[in-house]
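Please read the points below with the sequence and the 3D view open side by side.

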Amino acid sequence: MSYHQFLLFAGAAIILAYWLPRFVSGREPAASALLILAGAACALALPEDPPLFRPIADPEWWEILSEMAVIVALFATGLRLDVVRPFARWAVTWRLLAVAMPLTIGALALVGLAAGYPLASALLLGAVLAPTDPVLAGDVQVGPPTEGGEHPVRFALTTEAGLNDGLAFPFVYLGLAAIAGLTLTEAGDWLAYDLVYRILAGTVAGAGVGWLLGQMVFRWPARNVLAATGSGVLALAGVFVCYGLAELIHGYGFIACFVGGLVFRRLERDHQFHGNLHLFNLAIEHALTAVLLLMVGAALGTYAGDVRWMHAAIAAALVFAIRPLIGWVSLAGTDLPPRERFVTAAFGVRGIGSLYYLAFAAGMAPVAMLADLWLVVLVTIALSAAVHGLSAGAVLAGIRADEDAEGEPEPAA
């Protein structure tokens, strides 16, 4: 496939994926599954697959594009949170991060071991697939800035997706260390450096950049503030600075991007400029996501003959059993009613972040059974896009009905 042929195919596929569902549904279309199908059809129709369709052999572009999509989505996620106080609102989020995610990593690692993976590869499988995705999960998260109506379920899924991509990184490094043979001293270094220092460094870098950017946009100079220009490109600049600074000091850039967007928003919570930034970020995020989903489908079409029942079984176990059950148990004792607790537990969307983690790991060390890990991740993303994407509309309708019924005033930020 030539470059111009790819552009023709990608553009037509994206347009059709967003346009065709409108003939059968009055809700906003869930295009993710259709984009994956279009990519698969393209790969199956081509006599020879280009390197871009083969992440197992050539993951470089997969890492670059998925990294960009995730950091843009994370900053936008922090930016659109209208209300963060009282901090009791975060109780469900902390349960999902501190209980559900480690248990999910452990459960997936056990599944990997049962499937015959070496310990390091099984641990990588858990770390790569455990975090929910801030990109594909947008349909069940809170709305644009200043929109209000942040239902507890949407708030929990938004804040979980904003933080757990970064918090999964220590476990990716643990899997990489296990490949080389982890000693007791190295385990201590992992605990102090990868788990503690890098999380703190990413948080501090993000908070600092978010605060400084907020001052420059909204307050300095007072008579001619930058926010008056309405230039949305500042959102992308903020993403780059947050991520670049955090990585420069060896912190987690994913955490920095979410925290940076969150802190930036808090300085002038109700300013209309946040809407401009959000729309600019959203356009970039959707464009990158559409291309990556086409690539996921194309890779599945390319590797269709290599997919085995075990790959599909692991993906199904995560989507239908592991995440819903662990999520349900981790939320025991919270204030969520049973229906909302189930939705929060079940909607752990898997997506673009998993692509980045696996491509990153593949470039860092020789991973045993790497092809199997890629196939599991690709199948999981396709399954999650289909199941969660097709059901998100009905779930959102129920959540909106709950919001309308509650009719409570917003708490203070």
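**Notes on the aromatic residues, the core and the cysteines**

1. One aromatic cluster is formed by Phe169, Tyr173, Tyr243, Tyr252, Phe254, Tyr356, Tyr357 and Phe360. Rings of Phe, Tyr and Trp (its six-membered ring) pair if their centres lie within 6.5 Å, and planes under 30 degrees apart count as stacked, over 60 as edge-to-face and the rest as tilted.

2. On the basis of these notes: the model is predicted, with local features needing pLDDT of at least 70 and side-chain atom pairs counting only at pLDDT 80 or more, while totals for chains, interfaces and linings use all residues. Residues are numbered from 1 along each chain as its sequence is written, and side-chain values use heavy atoms, with hydrogens and water left out.

3. The secondary structure of the chain comes to 15 helices and 0 strands, where helices (H or I, at least four residues) and strands (E, at least two) are DSSP runs numbered from the N terminus. Of the 413 residues, 54% count as buried, buried meaning under 20% relative accessible area, exposed over 50% and partly exposed in between (1.4 Å probe, protein chains only). Among contacts (heavy atoms within 4.5 Å) between residues at least 6 apart in sequence, 83% join residues at least 24 apart.

4. The structure holds 19 aromatic pairs. In one of them the rings of Trp62 and Trp374 have their centres 5.9 Å apart and their planes at 70°, so this pair is edge-to-face. Because Trp62 lies in helix α3 (residues 60–79) and Trp374 in helix α15 (residues 370–406), the pair ties together parts that are 312 residues apart in sequence. Trp62 is buried, with a relative accessible area of 0%, and Trp374 likewise counts as buried at 0% relative accessibility.

5. Phe254 and Tyr356 form a tilted aromatic pair, at 5.3 Å centre to centre with 55° between the planes. Phe254 belongs to helix α10 (residues 253–267) and Tyr356 to helix α14 (residues 352–364), so the pair ties together parts that are 102 residues apart in sequence. Both Phe254 and Tyr356 are buried.

6. Which residues touch the most other members of the largest nonpolar core? Of its 111 residues, they are Trp62, Phe169, Phe254, Leu355 and Leu378; a nonpolar core is a set of buried Ala, Val, Leu, Ile, Met, Phe, Trp, Tyr and Cys residues joined through side-chain atoms within 4.5 Å. Helix α11 (residues 273–302) gives the most to this core, with 12 residues. Leaving aside its neighbours within four places in sequence, Trp62 is in contact with residues including Met295, Val296, Leu355, Trp374 and Leu378.

7. Two arginines deserve a look beside the rings. Arg89 lies over the face of Phe155, at 4.3 Å from the ring centre, and Arg198 lies over the face of Tyr173, at 4.5 Å from the ring centre. A charge sits over a ring if NZ of Lys or CZ of Arg is within 6 Å of the ring centre and within 35 degrees of the ring normal.

8. A disulfide is a pair of cysteine sulfur atoms within 2.5 Å, and by this rule the count comes to 0 disulfides. Cys257 is in no disulfide, the nearest cysteine sulfur, that of Cys242, being 5.5 Å away. Cys257 is buried, with a relative accessible area of 0%.

9. Glu268 has its place in the loop between α10 and α11 and is partly exposed, with a relative accessible area of 29%. Leaving aside its neighbours within four places in sequence, Glu268 is in contact with Phe218, Arg219 and His274.
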